[in-house]
Amino acid sequence: MPRGKSINLFLMDGDVNGRIKCTLANWTGLAFKIPRTSLDMCKDRDELKQTGVYFLFGKDDQTDKNVVYIGQAGVRKNGEGILNRLIEHNRNPKKDYWMEAIAITTSNDSLGPTEISYLEHRFCQLAIDANRYIVKNGNDPTPGNPSEEKQSELEDFIEYAQVIIGTLGHKVFVPLITVKDSQGDCSDELFCKRSGANAIGVRTADGFVVKKGSTISNNPTKSCPEYALKKRQQYKDQISEKFVLLEDILFNTPSGAASFVCGASTNGNIEWKTAEGITLKELDAKKE
């Protein structure tokens, strides 16, 4: 059975849209969620003058996809660690996409150069593997050279940090379809076959995912909803010349997914069926 975790969220400004300090039971780490507009309010935070790693979160204007930049910050001669790097990014016109940062350090300032290099490398690797956010790092960070013992310790640190970052609103390390989504009656594979489409979908905690390898209709009808057409345009680089999806795509609802796949206005509760032909609507009725 999965173990529960106790997380403490402190609204530093008494505002849900403000800064948040986050700790987790049995974790030496400290996490801060900082809106870009609140950087100047952090100058008195000694924890942010320490060594650590940070994440810049935003959205791509062209595709509306979530983006992230992952970096590390060591303490410099001026004594400014993470906060100084965030301020530098704030002044950089090439990084105008980010709206908030999550900074991670420790309560005892125990992260050295080797540790932050390893953390930056692993966080980048995990974000790329999850393929949920566009990772803005231009180069693959070097992993450093931690000892076997230290590496094991850092992996535990990373596991807890992933929980914190997800809790703070960014599932950057969570694949669209997890092992949990692939188990149980509520998340069996569903199929949509109509108008030349041959797609496979899965219901998840986030919505409905149309899986990589699915074929979508190559001839949208006049009834195709505007949002489905926009979604096709948004993911045009992930649709092959033969109208096969090159990656998993998340939708809010089964109907949105079905309309995207069929290129027409559809009811996803009827269009998505099991291999035995049972509709999604019928599956839900059985659970009532």
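Figure 1. The mean pLDDT of the chain is 91, and 95% of its residues reach 70 or more; pLDDT is the predictor's confidence in each residue, from 0 to 100. This is a predicted model, so local features need pLDDT of at least 70 and side-chain atom pairs count only at pLDDT 80 or more, while totals for chains, interfaces and linings use all residues. Residues are numbered from 1 along each chain as its sequence is written, and side-chain values use heavy atoms, with hydrogens and water left out. One stretch to take with care is residues 182-187, where pLDDT stays under 50. For that stretch the model has nine contacts beyond four places in sequence, a contact being heavy atoms within 4.5 Å. The chain has seven helices and 11 strands. These are DSSP runs numbered from the N terminus: H or I over at least four residues for helices, E over at least two for strands. Along its principal axes, the C-alpha trace spans about 65 × 45 × 40 Å. Of the 288 residues, 46% count as buried; buried means under 20% relative accessible area, exposed over 50%, and partly exposed in between, using a 1.4 Å probe and protein chains only. Among contacts with a separation of 6 or more, 62% come from residues 24 or more positions apart.

Figure 2. Helix α3 covers residues 148-167. Its 20 residues should span 28 Å at 1.5 Å a residue, and its end C-alpha atoms are 29 Å apart, which agrees; the expected span is 1.5 Å times one less than the number of residues. Buried residues in α3 are Leu154, Phe157, Ile158, Ala161, Ile164 and Ile165. Seen down the axis of α3, its buried residues fall within an arc of 125 degrees, so they line one face of the helix; the arc is that of the directions from the helix axis to the C-beta atoms. As a reminder, an α-helix has 3.6 residues a turn, so residues three or four places apart point the same way. What covers the buried residues includes strands β1 (7-11), β2 (20-24), β3 (29-35), β4 (52-59) and β6 (98-106), along with helix α2 (113-130). After α3 comes glycine 169, with a positive phi near 105 degrees.

**Figure 3. The four-stranded open sheet.** The strands here run in the order β8-β9-β10-β11, with antiparallel pairing; two strands pair if DSSP finds at least two bridges between them. β8 (190-194) and β11 (249-251) stand at the edges with a single partner strand each, so one side of each is left without a neighbour in the sheet. Neighbouring strands of this sheet are turned by 30 degrees against each other on average, direction ignored. For these angles, axes are lines fitted to C-alpha atoms (for helices over the stretch in contact), and angles run from 0 to 180 degrees between N-to-C directions.

**Figure 4. Strand by strand through the bridges.** Five bridges join β8 to β9 (residues 197-204). Cysteine 192 has alanine 199 in β9 as its bridge partner. Next, β9 and β10 (residues 207-210) pair over four bridges, and a hairpin joins the two strands through two residues. Threonine 204 stands opposite glycine 207 in β10. Lastly, β10 and β11 pair over three bridges, and the bridge partner of valine 209 is leucine 250 in β11.

**Figure 5. Two asparagines with positive phi.** Asparagine 26 has a positive phi of about 70 degrees although it is not a glycine. You'll find asparagine 26 in the loop between β2 and β3, where it is exposed, with a relative accessible area of 75%. Asparagine 131 also isn't a glycine, yet has a positive phi of about 55 degrees. Asparagine 131 is found in the loop between α2 and β7 (134-135), and counts as partly exposed at 40% relative accessibility.

**Figure 6. Asparagine 269 and its surroundings.** Asparagine 269 is found in helix α6 (residues 268-271) and is partly exposed, with a relative accessible area of 29%. Leaving aside neighbours within four places in sequence, asparagine 269 is in contact with Pro254, Ser255, Thr279, Leu280 and Lys281. Threonine 253 is 16 residues from asparagine 269 along the chain, and their C-alpha atoms are separated by 9.3 Å.
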